[in-house]
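Biologist: Could we go through this model together? I would like to begin with one of the helices.

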Amino acid sequence: MRFVLPLLLALSAAGQNLLSNPGFESWTSDTLPDGWRVAAAVAVRRDADTVCFGVAACRVESRGAAGGPEQSVAVRPGASYRYRLRLWHDDDRARAAVVVSWFRDDSSFIRSERPVEWLRRRGWQTLEAAVRAPAGAARAAFQVRLDGPAGARVLADECWFGLDGTEPAKLEVFFARDSLCERLVEFIGGAKKSLDYCHYNSSRPEVVAALLAAHGRGVKLRVITDNTRLDNEWVAALRAAGVPVWTDSIGPGPNNLMHNKFCVRDDRDADTTDDFTWTASYNPNDGELRADCALQVPHAGIARAYLAEFEQMWGGAGDLPDPSRARFHGGKLDVQARHDFTLEGNPCRVYFAPQDRVSERITEVAAAARRHLLFAVFAYTWDPLGDAMIALWNRGGWCGGVYDKSGAYGQGSEFERLVNAGLEVYVDSVSFGERIVHEKLMVVDSLVTVAGSANWSQNANTGNDESTIILEHPDVARLVLAELRERFREVPGTGIAEPTSGFGLVRGLRLALARDLARLAEAGALVFEATGRRLEPGARPAPGVYIVRDAGGARQVLIVR
């Protein structure tokens, strides 16, 4: 298979944030965020209700004089720096800005940069600019400055101050063509302090070697896998090196799976600047190459949510699992402080199975679709989701997607029901590797993306350990739509409707005899099996579901008995 460079949401390199505790996650007390001092007559406190980044923001309230939280960092004279700050404004009396001031090595003041932007509207917004350190500068003071009468307030979150030309790490989206194994090895290789690795299976030698290398350089490594992997060589190799590996063997539910595929990096300390999560559907298994997806998410709050889920199954925050406290499957609780986050300015939700009933959460996304929905999935048996897709189609929207062949014809599959209702749903034919669609992807209205480990089933809703992430992020939706369209176009035969074309809707089904369908093919109509394979003129159709397109492109579904 041909590999290409990763699809990045930001092409610039991730740089170092010079500010400590930039998301105001860590507080020694309720009145002072760690790493910051408070200048002038303002009051600050931790706010967990209105948050842009992670689980806390900094609420700044005026006592009648201008000022705010401030942090000093070392700089190089003549170097260019870039700053960024997220600010929430809901008080017309308040004005806020970032003020950068330069100081010499002896702490003498040089000058302050003119604030380039003041708040003019309500809600979260971003203040950012580039500045250059003057000659003689050794330190810069980064201040969130509030100006307003006593009682005026703003909230600050997600600060950035670093060398210009570098940016805070961005969300990355990877698919099979991006060499998922190599991307995961790079992710593991970036760990400095901790890795919490939770995968249904992970036999790929390169990944095992990366985990062992991280352990060897002192990274605290904890591993959870499914109990069916206990006798696998990769588990034995990790345990032989002293890596603790834990499974769901304590139950409850012997028929349920620990089906997660996520890893949390560097989230077991107070530094929130390097917290990352790897998640979605990719199993790094030896010899496997499937249509798959992974997200690399730089967000302290989201990392903390995945860590809380990991430690629920681990039985605590210790380096070794605690069997007396560990919970899996139906024994788990909703331990999340929050499920809703803001990721790069966009809403994001994180859910875990079975406690959050992820199939129901996915169904809610589909039911809210207004115009169109496209998906690719390994297995899909959840009736309420099928109901939501059919309802979208019947009210004039468009709905389509691809199943893996094993999932399409599995017990309880929604495939035939969706096809019979007229939806553009087909069996995929992946052109590489094992020719398997392992993704669990959905995009609604070119905005909302669903990804994760959970197939859309009863087991994922009430039994298996799973994770699902839902992002209202147009850039993510654009990348995932390109992947879904690629899967869609792999369906054999021509004439399969493009997901973005004008959609000829089907309002009912017709029963047909085999000879009538054969005559349509002879007359020049395009006739396809539900798998997408074209019925050639002269061929006698077997009983089944067929899609017919006439010369004008009109579409109908015929059932041959």
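**Helices, salt bridges and totals**

Modeller: The buried residues of helix 5 are Val358, Ser359, Arg361, Ile362, Thr363, Val365 and Ala366. Buried means under 20% relative accessible area, exposed over 50%, and partly exposed in between, with a 1.4 Å probe and protein chains only. Helices (H or I, at least four residues) and strands (E, at least two) are DSSP runs numbered from the N terminus.

Biologist: Why is helix 5 largely enclosed?

Modeller: Helix 5 spans residues 358–367, and seven of its 10 residues are buried, so the rest of the structure largely encloses it.

Biologist: Before we go on, what kind of model is this?

Modeller: This is a predicted model, in which local features need pLDDT of at least 70 and side-chain atom pairs count only at pLDDT 80 or more, while totals for chains, interfaces and linings use all residues. Residues are numbered from 1 along each chain as its sequence is written, and side-chain values use heavy atoms, with hydrogens and water left out.

Biologist: Where is Gln312, and is it buried or exposed?

Modeller: Gln312 sits in helix 4 (residues 300–314), and Gln312 is buried, at a relative accessible area of 4%.

Biologist: Which residues does Gln312 touch?

Modeller: Leaving aside residues up to four places away in sequence, Gln312 touches Arg325, Ala326, Arg327, Lys332, Leu333, Val335 and Gln355. Contact means heavy atoms within 4.5 Å.

Biologist: Changing topic, how many salt bridges does the structure hold?

Modeller: There are 35 salt bridges, each a side-chain nitrogen of Lys or Arg within 4 Å of a carboxyl oxygen of Asp or Glu. One of them joins the side chains of Glu70 and Arg37, at 2.5 Å from N to O. Glu70 belongs to strand 7 (residues 68–74) and Arg37 to strand 4 (residues 37–39), so this pair ties together parts 33 residues apart in sequence. Glu70 counts as buried, at 13% relative accessibility.

Biologist: What about Arg349 and Glu472?

Modeller: Their side chains form a salt bridge at 3.6 Å, N to O. Arg349 lies in strand 22 (residues 346–353) and Glu472 in strand 28 (residues 466–472), so the pair links parts that are 123 residues apart in sequence. Glu472 is partly exposed, with a relative accessible area of 26%.

Biologist: Which residues are joined into one network?

Modeller: Arg487 and Glu490 meet in a salt bridge of 2.7 Å, N to O. Salt bridges that share partners join Arg177, Glu483, Glu486, Arg487 and Glu490 into one network.

Biologist: And how many helices and strands are there?

Modeller: The protein chain has 11 helices and 32 strands, and buried residues make up 56% of its 561 residues.
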